[in-house]
2 protein chains.
Amino acid sequence: MAVLPDLSKRLLLGRALRSDRLGETLLPKRIALPVFASDMLSSVAYATQEVLVLLAIGGLAYLYLLPWLALAVVLLLLVVVASYRQLVRAYPTGGGDYEVASKNIGRTAGLTVASALLVDYVLTVAVSVSSGVDNIISAFPGLDPHRVVLAVLFVLLLTSLNLRGLKESGAAFATPTYAFIVLVLALVGTGLLRTAFGSRPVAESAHYSIAPEVSHLSGFALVFFVLRAFSSGCTALTGVEAIANGVPAFKKPKIENARKTLLMMATLSITMFGGITALAVLSKVHYVDPLRACDLRGFDCKTDVQRTVIAQVGSAVFGENVLYYLLLAFAAAILILAANTAFNGFPLLGSVLAQDRFLPRQLHTRGDRLVFSNGILVLAGFAILLIVSFDASVTRLIQLYILGVFCSFTLGQTGMVRHWNRTIPLETDPAVRRTMRTSRIINAIGAACTGTVLVIVLVTKFLAGAWIVVVAMPVIFLLMRKINSHYESVSRELEPDPDEEVTLPARTHAMVLVSKIHKPTLRALNYARAVRPSTLEAVTVSVDPDETHALQTEWDRRGIPVPLKVLDSPFREITAPVVRYVRSVRRSSPRDVVAVYIPEYVVGHWWEQLLHNQSALRLKTRLLFTPGVMVISVPWQLRSSEELEARVIEAHKARVKAAIAAGVIAPPTRYPGEQPLVDAPADVPTLKSDA
Amino acid sequence: MAVLPDLSKRLLLGRALRSDRLGETLLPKRIALPVFASDMLSSVAYATQEVLVLLAIGGLAYLYLLPWLALAVVLLLLVVVASYRQLVRAYPTGGGDYEVASKNIGRTAGLTVASALLVDYVLTVAVSVSSGVDNIISAFPGLDPHRVVLAVLFVLLLTSLNLRGLKESGAAFATPTYAFIVLVLALVGTGLLRTAFGSRPVAESAHYSIAPEVSHLSGFALVFFVLRAFSSGCTALTGVEAIANGVPAFKKPKIENARKTLLMMATLSITMFGGITALAVLSKVHYVDPLRACDLRGFDCKTDVQRTVIAQVGSAVFGENVLYYLLLAFAAAILILAANTAFNGFPLLGSVLAQDRFLPRQLHTRGDRLVFSNGILVLAGFAILLIVSFDASVTRLIQLYILGVFCSFTLGQTGMVRHWNRTIPLETDPAVRRTMRTSRIINAIGAACTGTVLVIVLVTKFLAGAWIVVVAMPVIFLLMRKINSHYESVSRELEPDPDEEVTLPARTHAMVLVSKIHKPTLRALNYARAVRPSTLEAVTVSVDPDETHALQTEWDRRGIPVPLKVLDSPFREITAPVVRYVRSVRRSSPRDVVAVYIPEYVVGHWWEQLLHNQSALRLKTRLLFTPGVMVISVPWQLRSSEELEARVIEAHKARVKAAIAAGVIAPPTRYPGEQPLVDAPADVPTLKSDA
């Protein structure tokens, strides 16, 4: 009955893509930048804000730290980007940190990276979409009560877009990303020029004071406080790895294009993050955790909603004109599309893991639009779960974020150092060796820095929510190990000996199950007889003696040339007596095979299914567990099923015709006796001859 | 995979009963009375109360009507019981009003009765259990917030008891019913004696006044008011029909026993209802709809819960001693067990309707304990739905009640009149004719009275909730008609011609579906070759050209003596290309049959199922819709499946052994080659020889 959902799926997803069109979905740089960079660029919209939230715990006293923390983040970003440029060149296959850690450190490290990335992709979706909704609410504060619903709707929208396929995604995402870049650069330029010309922008929250939760920090407490704020700033780094995981999606030359795109992305990211932070300092934006909005003195926390930092800066620089609303619109757009990085990365990683047999095989199956549909759906499910659990609050979700990212950063860069250690001695060209030595130094610095940040994040955010990730990662890790060992053991069991002897069963004992004499039974008897088995009998289970007697009488009257055996059923079951009898036949002649014919009639509607006993299905399932048996369904198609089948076939033909007309696929091979699918039979190639 | 639920079902339900033990579950009168009379007797616990609730709408002014309304109810009850005594004699097969109306008025009348009874059985459960919980809450007012949960738990308890089988139910229900009868008779006796000796009992609510919702009624309004109260009193009649529907469950002589039990039940019911009403009048019980408890002046409606009428009378007569608590305990017990009448009646009626093809066939399948398990589950489901929807409020549920009962009363008695009209002229013995004429008069009076009450109930309760039933009944009616026409049309389609020509298919074209070369594939190829079909080929769908090429190479290397055909799949699907190819083969030779072999491997755990693609199942389903095809599953059992199968077989053997040891079943016939099930092989009969 999987045919009806198939039809509606088709309507939702559009035409299916032919698999040899996969090449056409490769991305040029100008499209790859918005597709892969939206995550990193969009974090500009909340990274400054989340540092402010944490500094504001100390009231106004520590806000002076903001520029210095931003500087630290920018330096870290430069180190990480430099490291990834080495990685892209050495491992251009899109395995990213997973592949690097697996190959150079070992399977456990690789799986750790995989668990970390899977968790972080989910968080990317949750955080980005929530932040996007925040910016929409900054423009339309009346939407505040519908925060969670809006966020969930956007995740569903992204899911639908991504199920349609990569290329269409890229095209759809280019405009908002470029518009956001232009608007932020214009914002920063205008703001700095206004300041230079003496008309410094002033944020709406500049005159608010903040009631501190802690004060007079010193020693360890101060260090902890600063590091915690720095951790939140590190969200600006998320998304660097997207390009390393996406190299195969680039147009040729893949490596060069990926490296250039990475550099371009980093330059833009630093400029925008630095610029917005500078404007936030200049315009004196005061922003606190929305849960403690009442600590913001002068702000009406009962009725008002804090606008995001980017909204406050935008309103201060542009005024509330059309530019301001465009800024918010494109901030929201790029944030929601940033989640798209995860919709590209998660299914791809899931597919790699499924191919390596660490995740269920279904994640490696491409859907009609050549995307990994199941991965997309899993990602969307978990992201919605997080959004609903954390009320779409960026400040709460961000506590879970980046732990995974820095975990994979660290393992990936460590793996790269090992990679160079291994490959440098094998290289003979001194110039190349020099380059490789430089790469090793860069990766070593990267590993040291990201490892340090990983510890900082773990320590400062553990109690604030990161513990959830600390629990989830090992669970996913162990699950993947378990799945892998299952697949391995099944595969070992199914592996035939290289030259396995082919011994045919000596004889075939056929039995046709009979409950009453109707057309399906007669057809099953005919088919069974046509095959000419060694022995053939009809078998019925006696549940009601009267019915059995009537059956026997009718059997004799019709003179059916097959003996009818009656099985006793003290418990009025069907399955157990049949299985017992089949086993007894099999035991009497172990070298033979037992063929059980089950007459079935098929109906066309789900409600018709409800009206007919499911005992055939239950019996078939049990018989499949019995060795030396083959189970033969002989269907009788009722008229309602024929109508359904005709509809399914017509829909399929229409789809194929449309695909041929659109030039998406070539006309399929035509089988002997088949009607031509399209009206130009000259186009139709003849049947391939195989074997 | 239906085997594991089967095991747990077994644990819950106890040992399965052999079908020839059905005779042993017949009921003697002393057990039949509690089983079938609990519904009617238990309504004593709320009938008086619900009349009081309606009279109290007029404040204290109309309470004087109570004795007169009770008298009217008693007279009606006498008429109905007399009518049913005629029905039991004429139709002792347990079809009750359904059978009478069907045979004498027509199919539409029969189905109307059936719809009415189905609805009313559900309401019997909901009302009785809710009232039972009310009495428990009267004893322990602290339970008031858990009213709905308690009611649902009791329905679940009843469901479990009934799934265990009829006889055990009867035995479990005898004690509470008899105890309730004795306690109520003692209550009435004590109360009347105390009044006679001048120490009249006084209810706790005797001194409360009631704020009237209406006052100074006259003319039509007064008539409506009185009839509405009378309608509620008629709930005392529910359950009369239970015996008429249960005649086959009586020990022989069935008819005489059923008639005597009916008379006994009526006598008890009238005595108890009359007695409690008398005591309510004497002790001046004031009781209002719990939703307007604050109209009860002097009662603290914020914190207190009104105790049921029977609790108030009991406390006034006995005082709050052990007798009082026993009275409430057994009132609750008989009410909850009254729901059991429906658990006997509903599945039986459902099974009759399923046999007549008006309801899904599954309702006619007896479960392991020889009860109609599916009917029991459906009843429980709808009763829980009603209880939850109406907050387990008797006063609200009672508005939906008895409409169905009186609908079937009226049609049943009308049918009886027609029955006598038809049969009297055929009778030759004058004495018998006289008896039959008397019966006709009784049934005519019954039909007139119940018809009048039906109209009264419909008019007075329509807006108060009865409209739900007025909607539900035609829906059920039409559903049954639709189901019937479906079964009829399927049956016509499947009916073979009386001497249908047996034409065997000319040839068998076998194809083995191959995805990769592993043991299941090799086994399927072997089995297919062993059958020696006219043509045999292996078929694979090319989703990935590299994989297909690898398969072809391996195929050639192994020298498998079967040609391998590669099907093109532009959309990366498996199902559509295979179906297309099968259809083309079939079209080339329409008189032949196509045998499609599908290699499958079976796993033992549900989570293992998740890890393996379900494409085989989807393909099989689609192929069943293709004419001229048989679908052959060739299973390969993985070790985990063998463990599961071994557990299932051991459990089955243990069950059979236990049943043999308990003398429940005779040792089953032993098949050749089978190990003896029990250690005394001398007992085991030899295999029956059939055909």
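How many bridges join β7(A) to strand β7 of chain B, and in which sense do these strands run? Three bridges join β7(A) to strand β7 (residues 629–637) of chain B, and the two run antiparallel. The structure is a predicted model, in which local features need pLDDT of at least 70 and side-chain atom pairs count only at pLDDT 80 or more, while totals for chains, interfaces and linings use all residues. Residues are numbered from 1 along each chain as its sequence is written, with chains lettered from A and ligands numbered from 1 in the order in which they are written.

Strands of a sheet pair through backbone hydrogen bonds, either parallel or antiparallel. Here, 10 strands form an open sheet of mixed pairing, in the order β5(A)-β4(A)-β3(A)-β6(A)-β7(A)-β7(B)-β6(B)-β3(B)-β4(B)-β5(B). Strands are DSSP runs of E with at least two residues, and helices are runs of H or I with at least four, numbered from the N terminus; two strands pair if DSSP finds at least two bridges between them. The edge strands, β5 (564–568) of chain A and β5 (564–568) of chain B, each pair on one side only. From one strand to the next, the twist averages 30 degrees.

Within chain A, strand β6 (residues 593–602) pairs with β7(A) in the parallel sense over nine bridges, and Val594(A) has Val629(A) as its bridge partner. Across to the other chain, Val631(A) stands opposite Ser633(B) in β7(B). In chain B, five bridges join the parallel strands β3 (residues 508–513) and β6 (residues 593–602), and Val512(B) stands opposite Tyr597(B).

Strand β7(A) is mostly covered, with nine of its nine residues buried (20 or more other C-beta atoms within 10 Å of the residue's own, C-beta atoms being placed from the backbone). Val629(A), Val631(A), Ser633(A), Pro635(A) and Gln637(A) are buried on one side, and Met630(A), Ile632(A), Val634(A) and Trp636(A) on the other.

An automatic or database assignment gives chain A domain 1 (23–489) and domain 2 (508–667).

Turning to helices, α7 (residues 147–163) and α14 (residues 373–389) of chain A pack at an angle of about 175 degrees, with their axes 10 Å apart. Axes are lines fitted to C-alpha atoms, for helices over the stretch in contact, and angles run from 0 to 180 degrees between N-to-C directions. The two helices are therefore roughly antiparallel (an angle over 145 degrees).

Methods: Parallel < 35°, antiparallel > 145°, perpendicular 65-115°, else oblique. Buried ≥ 20, exposed ≤ 12 C-beta atoms within 10 Å, placed from the backbone.
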